[in-house]
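Hi there,

Here is the structure I promised to pass on. My notes on it follow below.

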Amino acid sequence: DAPASNVFAFIRRSRTPGRHVVCVANLSPVPREGYRIGFPRVGTYQEVLNTDAGAYGGSGLGNMGQLQTEAHPWDGQEASAALMLPPLSVLWFCPG
């Protein structure tokens, strides 16, 4: 999306090869359904933190605790997934 979407994503890599976390922040008050971002590899990722979860007083929107990336290069990464980004939230994904 254009910069006006207010979405920021980054990968935090460990010194241990293959270990990483993907962080996605939706800084907009608008949910983003089907928002595609790049991931370093194809596979299952666990949604380890969702600041919009009901446990934190949020609306409970998210990705059902996990997602499957596909071999569709995006943002310079070899894989990607279309996410549900809750409004005003931050999501963290780890390979699982």
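**Around Phe-39**

Setting aside neighbours within four places in sequence, Phe-39 is in contact with Val-22, Tyr-45, Leu-67, Thr-69, Gln-77, Glu-78, Ala-79, Ser-80, Ala-81, Leu-83 and Phe-93 (contact means heavy atoms within 4.5 Å). Please note that this is a predicted model, where local features need pLDDT of at least 70 and side-chain atom pairs count only at pLDDT 80 or more, while totals for chains, interfaces and linings use all residues. Residues are numbered from 1 along each chain as its sequence is written, and side-chain values use heavy atoms, with hydrogens and water left out.

**The core**

Phe-39 also belongs to the largest nonpolar core, a set of 14 residues in which Val-24, Phe-39, Leu-83 and Phe-93 touch the most other members. Such a core joins buried Ala, Val, Leu, Ile, Met, Phe, Trp, Tyr and Cys residues through side-chain atoms within 4.5 Å, buried being under 20% relative accessible area, exposed over 50% and partly exposed in between (1.4 Å probe, protein chains only). At least two residues each come from strands S2 (20-26), S3, S6 (79-85) and S7 (89-95), and S6 gives the largest share, four residues. Strands here are DSSP runs of E, at least two residues, numbered from the N terminus.

**Two backbone angles**

Met-64 has a positive phi of about 60° although it is not a glycine; Met-64 sits in the loop between S4 (44-50) and S5 (66-68) and is exposed, at 83% relative accessible area. Asp-75, also not a glycine, has a positive phi of about 55°. Asp-75 lies in the loop between S5 and S6 and is exposed too, at 57%.

Best wishes
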